[in-house]
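Let's take a walk through a protein model together. Keep the sequence and the 3D view side by side as you read.

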Amino acid sequence: MSGGSLRHPHFQIIGLDHVDGYKHIEPENFTGMDVFNSKHINVNVSEKPIMGFVEFNVTINNPQYIDELAEFTRVTVKYVLEDLYGGKFDSYNIFFYKVGRKIICKIEARYVVSPYFVGYRLSQRDGDEQVRGIADVLLQKLKENAHSKEINQ
């Protein structure tokens, strides 16, 4: 679903030396309906997605919680691939952003790109009721994870 020439799972790191990757990114792209929230980590469903119908943001407020970021991201990706919309996705992207001391991981299920986005950079989003249902199911997955239970206490 990447639109590239590779036809197998892969991990690619992209560095932008001469382009401002944050130019079209707004703080609102990282806020949304909370799924999980503690002193150190927040997981939400974006209310203003950059591109997809459903985007998840996993944010830590300090780099010392990088292990939690990795674990919550892992559970969220597993949810996207196995459960979101009945497991219809077999591809996803993750993006990392550094904002002050915060590290944000944005997880997006891969869709065929919407013409609204291509032509007008207008992202589409599910309604609040649908997003709340998605958030509730993901929260259950996070709670089922033993590591999440330790952080929740």
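Starting at the N terminus, the elements of the protein follow the order β-β-β-α-β-β-α-α-α. That comes to 4 helices and 5 strands. Here helices (H or I, at least four residues) and strands (E, at least two) are DSSP runs, numbered from the N terminus.

A word on how to read the model: it is predicted, so local features need pLDDT of at least 70 and side-chain atom pairs count only at pLDDT 80 or more, while totals for chains, interfaces and linings use all residues. Residues are numbered from 1 along each chain as its sequence is written, and side-chain values use heavy atoms, with hydrogens and water left out.

Now for the whole protein. Of its 153 residues, 39% are buried. Buried means under 20% relative accessible area, exposed means over 50%, and partly exposed lies in between (1.4 Å probe, protein chains only). The protein exposes about 9,500 Å², and carbon and sulfur atoms supply 53% of that area. Such areas come from the Shrake-Rupley method with a 1.4 Å probe; for residues, only the protein chains shown count as cover. Contact means heavy atoms within 4.5 Å. Among the contacts with a separation of 6 or more, 59% are between residues 24 or more positions apart.

Next, find two helices, α1 (residues 66-82) and α3 (residues 128-144). Their axes come within 10 Å and cross at roughly 125°. The axes are lines fitted to C-alpha atoms, for helices over the stretch in contact, and angles run from 0 to 180 degrees between N-to-C directions. How are α1 and α3 placed relative to each other? They are oblique, because angles under 35 degrees count as roughly parallel, over 145 as roughly antiparallel, 65 to 115 as roughly perpendicular and the rest as oblique. The crossing of α1 past α3 is right-handed, a term used if the near helix is turned clockwise from the far one by less than a right angle (left-handed if anticlockwise).

Which residues make the contact? On α1 they are F72, V75, T76 and Y79, and on α3 they are I134, V137, L138, K141 and L142. Sorted by class, this contact has 7 nonpolar, 1 polar and 1 charged residues. Ala, Val, Leu, Ile, Met, Phe, Trp, Tyr, Cys and Pro count as nonpolar, Asp, Glu, Lys and Arg as charged, and the others, Gly among them, as polar.

Let's zoom in on L138, which sits in helix α3. Its relative accessible area is 0%, so L138 is buried. Leaving aside neighbours within four places in sequence, L138 is in contact with V35, V43, F56, T76 and Y79. V35 is 103 residues away along the chain, yet the C-alpha atoms of L138 and V35 are separated by 7.1 Å.

Another stop is D34, in strand β1 (residues 32-37). With a relative accessible area of 38%, D34 is partly exposed. Not counting residues up to four places away in sequence, D34 touches N42, V43, N44, R132 and A135.

Strand β3 (residues 55-60) holds T59. Is T59 buried or exposed? At 12% relative accessibility, T59 counts as buried. Beyond its neighbours within four places in sequence, T59 is in contact with H40, I41, N42, K102, I103 and I104.

Finally, look for Y85 in the loop between α1 and β4 (92-99). Its phi is near 50°, a positive value in a residue other than glycine. Y85 is partly exposed, with a relative accessible area of 31%.
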